[in-house]
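Subject: Structure for you to look over

Dear colleague,

I am passing on the structure below, together with some notes on what was found in it. Please read them with the structure open beside you.

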Amino acid sequence: MIEFHLDGRSGVAPYMQLIHQVRQALRLGLLCEGDQLPKVKDVAAGLAINPNTVLKAYRELEYEGLAGARPGIGTFVTGTLGGTSLAAHGPLRRDLQRWLAKARHAGLDDESIEALFLNTFRSAAEEDIA
Amino acid sequence: MTAVIETKGLGKRYRRPWALADCTLSVPAGHVVGLVGPNGAGKSTLLNLAAGLLAPTTGTIEVLGGPAPANPAQLARLGFLAQDAPVYAALSVADHLKLGAHLNPGWDQSLARDRINQLDLDPGQKAGTLSGGQRAQLALTLALGKRPALLILDEPVASLDPLARREFLQDLMEAVAEQDLSVVLSSHLIADLERVCDYLIVLVGSRVRVAGPVEELLATHHLLTGPRRDPATLPDGQQVISGSHTDVQSTLLVRTSSPVLDPAWTVSEVGLEDMVLAYMRQAAGPGRRRTSGNHLEVQK
C-alpha cells in the first residue's frame with residue numbers, strides 16, 4: 001500500500017497530485033497489478049482533503065485503465081506502466097550514478113546537473129521527432 | 001441534484017446597514033461548501049439564518065427542502081457548530097454525550113463514544129478544562145452524533161493551532177467520506193478551504209460576489225497581462241474582477257466561460273487565493289487600493 005502526500009504550494013490540483021503519485025509508484029514498481037489503493041476514507045482523513053477529490057483521481061485512473069473499483073471493497077491496480085522495463089532499472093540506475101559522480105567531479109552543482117540532463121533529454125526527444 | 005440551502009432575495013438588517021442583502025443562492029447537496037469573506041461581510045448572519053437562529057428581514061431561505069427556522073424534525077437533520085465551538089464548561093465530556101442523546105431523536109451513541117475514545121478524551125473531564133482543540137472536537141462530536149444531513153460550521157478552526165486545525169479537518173473529512181453529509185463552513189484560511197471544499201461562496205460587504213464549484217471557478221477565471229488597455233474595450237462576456245495598470249501594461253483578472261483568444265494577452269491560471277482576494281478588493285471599492293474593475297459590479 002502506498003501513502004499519498006500533498007504539496008500545497010506546487011500549484012498542481014490535488015487530484016492531479018494523487019494521480020501522479022500512483023503513476024510514479026507504478027513506474028517504480030512500488031505498486032503492481034492487483035494491489036489495493038488506499039481507501040477513499042483513509043486518504044480524505046489522512047490528508048484532510050475532500051473525499052470527492054480522491055474519487056475524482058481514482059475515476060481518472062480507471063479511465064486510463066490503470067485502476068478498477070470493486071464495489072464495497074476498494075480500488076485496485078489493474079494496469080502497469082513501464083511494463084517489462086522494470087528489470088532494466090537497476091543497471092540504468094547504476095550507469096546514472098556513475099555519470100552523476102563524474103558530473104560532480106567535473107564541478108557541476110545540482111542545478112547545473114539538472115539543467116544539463118533536462119536539456120539533453122529535450123534535444124534527444126526533438127531529434128526523435130525530426 | 002437537490003439543494004441543501006436555497007435563498008431568494010434573502011436579507012437581514014439588525015439596525016442601520018444591511019448585514020446581508022439580496023442574497024440569492026442555491027447550494028447543491030453532497031458538497032463541502034466554503035464560505036469566505038472579510039470580517040463583517042455577513043458570513044455568520046447567513047449561517048445563522050440557515051440554522052434557523054435568525055429570522056430574515058426580507059426574502060426567503062429554505063434548508064433541506066423546508067423553510068428555516070425549522071420544525072423539530074428538520075432541526076434533527078441539521079448540525080450547527082457556532083463560532084468558538086461553545087460547550088458547557090461545568091459539564092463533563094460524558095454529560096455532553098448524555099445531553100446529546102436526550103436532545104436528539106436520531107442520536108448515534110456508538111459513533112459519539114467511538115469518537116471520544118479515538119480522541120483520547122477522558123469522559124469524566126469537565127469541558128471547561130479542555131484545550132481549544134479538544135473543545136472543538138467535542139463540539140464536532142455532538143454535531144456528528146446527531147447524524148445530520150447538513151452540517152453548518154461557523155469559523156470552526158479559526159482559534160486552533162495548526163496541528164489541532166489539521167486534526168479537526170481530518171476528522172471532518174473522514175465524516176464526510178463515511179456519512180451522507182453536506183457541509184457548509186466559513187473560514188478565512190483559504191489554504192484550508194482549498195483542501196476541503198469543492199464549492200465556494202465569496203461574500204463581501206453583505207453581498208454574494210461569486211458562488212460555484214471550485215473547479216468551475218478556477219477554470220473560468222484567468223489573469224491577463226498585456227499592453228495597457230481600457231477594460232471597457234474587452235469583449236462581452238469577459239468580466240473584469242480586478243485590474244491594475246502601469247503606463248504601458250495592464251494586468252486584469254477576468255471571469256469568462258469562453259477562451260481568451262486575443263493574442264495581445266498572456267493568459268495564466270489563477271489560484272483560489274488570488275481569485276478570492278480579487279473579489280474582496282473589487283468590493284472594497286475605490287477608497288481602498290483603487291482598481292480599474294470597480295465600475296463592473298458582479299451582482300446588482
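Which helices of chain B do the buried residues of H4(B) pack against? They pack against helix H3 (93–103) and helix H5 (132–145) of chain B, where contact between two residues requires that their C-beta atoms, placed from the backbone, lie within 7 Å.

Before going further, please note that this is a predicted model, in which local features need pLDDT of at least 70 and side-chain atom pairs count only at pLDDT 80 or more, while totals for chains, interfaces and linings use all residues. Residues are numbered from 1 along each chain as its sequence is written, and chains are lettered from A and ligands numbered from 1 in the order in which they are written.

The helix H4 of chain B spans residues 109–118, and its buried residues are Ala112(B), Arg115(B) and Ile116(B) (buried means 20 or more other C-beta atoms within 10 Å of a residue's own, exposed means 12 or fewer, and partly exposed lies in between, with C-beta atoms placed from the backbone). Because these three cover an arc of only 100° around the axis, they lie on the same side of H4(B), the arc being that of the directions from the helix axis to the C-beta atoms. On the face turned away from that buried side are the exposed residues Ser110(B), Asp114(B), Asn117(B) and Gln118(B). After H4(B) comes Asp120(B), with a positive phi near 60°.

Chain B as a whole has nine helices and 14 strands, which are DSSP runs numbered from the N terminus (helices H or I, at least four residues; strands E, at least two). Of its 300 residues, 45% count as buried.

The domain assignment of chain B, which is automatic or taken from a database, gives domain 1 (3–205) and domain 2 (215–295), and 34 Å separate their centres, taken over C-alpha atoms. Eight residues of domain 1 of chain B are in contact with seven residues of domain 2 of chain B. On the domain 1 side, helix H7 (190–196) and strand S9 (199–204) of chain B each supply at least two residues, and S9(B) gives the most, with three.

Between the chains, 13 residues of chain A are in contact with 15 residues of chain B. Helix H2 (40–47) and helix H3 (51–63) of chain A each supply at least two residues of the side of chain A that touches chain B, with H2(A) giving the most, five residues.

With best regards
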